[in-house]
Amino acid sequence: MTRRNIFGLPLLFWGLWLALLILWMGRFVISFMSMYLVKDLHVDAGVAGTIVSMYGFGGIFGCLFGGSLSDRFGRQSMIISGEIGAAIMLIILSFIDDPFVMGAMLLVYGAISSIPTPAIAAYIADVVPMRAQKRAYTLQTWAVNFGFAIGPIIANQLVKISYTLMFYAEAVILVVATVMLIVFFHEARKLAGRGAAADVISSDGEAEVEKSSPSPAASASEDLSAPLRSGRDDRGEGRSDQSAEQPVSMLDNYRRALTDWPFMSMVVFMFCYTIAYFQLTSGLPIALTQLGMGTDQYSVLLTINGGMLCLLQIPSLAVFNRMSNTRVLVLGMLMTAVGYAFQIGATTWHGFAIAAVLWTLGELGTFPIAATTVANLAPANARGTYQGLYNLVWSLSNGAAPLVGGWMISRFGSRTLWICCTAMFLLVAAGFAATKGARERAVARNLREADLIG
């Protein structure tokens with residue numbers, strides 16, 4: 001069948017992208033949870049950080065198993081079940097006013113809401129050719145940032161009426177986006193069925209063996225609605241043998257990922273980066289509250305961050321394409337360090353606004369380029385597992401960042417927190433530079449195996 005592309009990417013990508021755009025416009029509950037606990041439930045800053053950290057620790061389980069389960073049972077089931085489960089948990093959270101019960105429920109909510117994350121990342125790698133993945137993951141990040149820019153504006157108006165409303169609003173948005181995904185996946189399977197028929201039936205009515213790679217629709221349908229099979233090679237091409245197909249071994253995939261040094265070193269570096277960077281949603285709101293600022297000032301900082309990323313993310317892709325992934329990552333870390341260093345002496349909202357501009361410029365290439373690198377490092381039949389372990393970084397950081405930020409601010413003050421974050425970014429930049437060769441060799445090997453080079 002004819003492959004239909006928009007801006008160099010298949011329709012199968014754009015359907016998911018639109019749903020992600022809506023999903024991230026509604027991801028605001030966790031960003032405002034620290035303020036909710038401190039202002040409405042009158043919880044100490046250190047305790048509030050501990051409670052919010054339960055969300056991140058819960059995400060450890062969702063990422064760890066969501067990716068490998070998507071390799072085993074398909075992307076669709078993990079994405080749909082996770083989003084619906086998250087919506088239900090948000091409704092439950094809206095009725096809780098005990099801080100410690102809230103912490104327990106945030107643990108469950110974090111686990112359920114993180115299940116779709118690695119499946120979504122693996123899906124993009126399934127349907128987008130490797131050479132176009134940098135563009136795809138940049139556009140995915142753009143959708144996240146656009147939602148991150150709009151979400152705080154919506155949430156800030158809701159919390160002025162009642163904090164409870166933000167739980168209901170996010171749950172409704174999750175349900176709407178999930179319905180869109182269900183319709184999209186259904187249409188993708190129909191498209192795949194028509195494409196497969198066109199590929200295998202010759203013009204004289206006789207079945208013939210397909211000698212080229214299957215259509216993106218067919219590949220995506222198999223990956224989303226059925227387990228990956230060992231009877232398919234890493235490019236998704238059917239093998240000629242008729243032996244019984246065996247499902248992917250989750251244990252083998254974990255073993256393969258955990259012994260992949262270039263990949264695991266990147267996981268460690270990104271964990272160190274995100275535990276410092278996520279002080280933007282944990283330490284920063286507490287620091288602003290202690291300086292006498294509230295949700296209005298904080299939400300504008302988040303909007304500055306998301307708005308700048310939306311304006312600059314896609315134009316910056318032309319620059320990133322002329323640079324190696326490692327160089328983009330190192331420069332991003334260094335610019336982020338400058339932004340957080342500026343917060344060390346900031347005492348007014350305008351000072352934090354300037355800092356936000358600087359660390360936003362650092363973020364510009366870090367997240368999409370890191371996601372692209374992970375996708376390039378992952379073998380086709382272990383993409384979900386690799387993405388699950390990589391996204392484990394985010395869950396661990398979401399859990400540890402509020403814990404670390406709240407504790408450091410309560411014991412040593414926000415100035416010490418920003419000094420430690422700055423030092424962390426500089427160390428991570430040095431680590432990425434030192435391990436550049438191993439990553440690039442591994443990516444080149446995967447490119448050769450995909451018949452894209454050599």
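Which helices each supply at least two residues of the nonpolar patch?

What we have here is a predicted model, where local features need pLDDT of at least 70, side-chain atom pairs count only at pLDDT 80 or more, and totals for chains, interfaces and linings use all residues. Residues are numbered from 1 along each chain as its sequence is written, and side-chain values use heavy atoms, with hydrogens and water left out.

Okay, the overall picture. The chain has 18 helices and two strands, taken as DSSP runs numbered from the N terminus (helices H or I, at least four residues; strands E, at least two). Of its 454 residues, 57% are buried, meaning under 20% relative accessible area with a 1.4 Å probe, protein chains only; exposed is over 50%, and partly exposed is in between.

Now the inside. The largest nonpolar core holds 132 residues, and Phe-13, Met-166 and Met-270 have the most contacts inside it. A core here is a set of buried Ala, Val, Leu, Ile, Met, Phe, Trp, Tyr and Cys residues joined through side-chain atoms within 4.5 Å. Helix α15, residues 349–377, gives the most to this core: 13 residues.

Back to my opening question: the answer is α4 (75–93) and α8 (163–200). The patch members are Ile-84, Ile-88, Ile-92, Val-175, Val-179 and Val-183, making about 470 Å² of nonpolar surface. Areas come from the Shrake-Rupley method with a 1.4 Å probe, and for residues only the protein chains shown count as cover. Val-175 sits in α8, and it counts as partly exposed because its relative accessibility is 37%.

Key
Patches are made of residues with over 30% relative accessible area and no salt bridge: like charges are joined within 9 Å, nonpolar side chains (Val, Leu, Ile, Met, Phe, Trp, Tyr) within 5 Å. A salt bridge is a side-chain nitrogen of Lys or Arg within 4 Å of a carboxyl oxygen of Asp or Glu.
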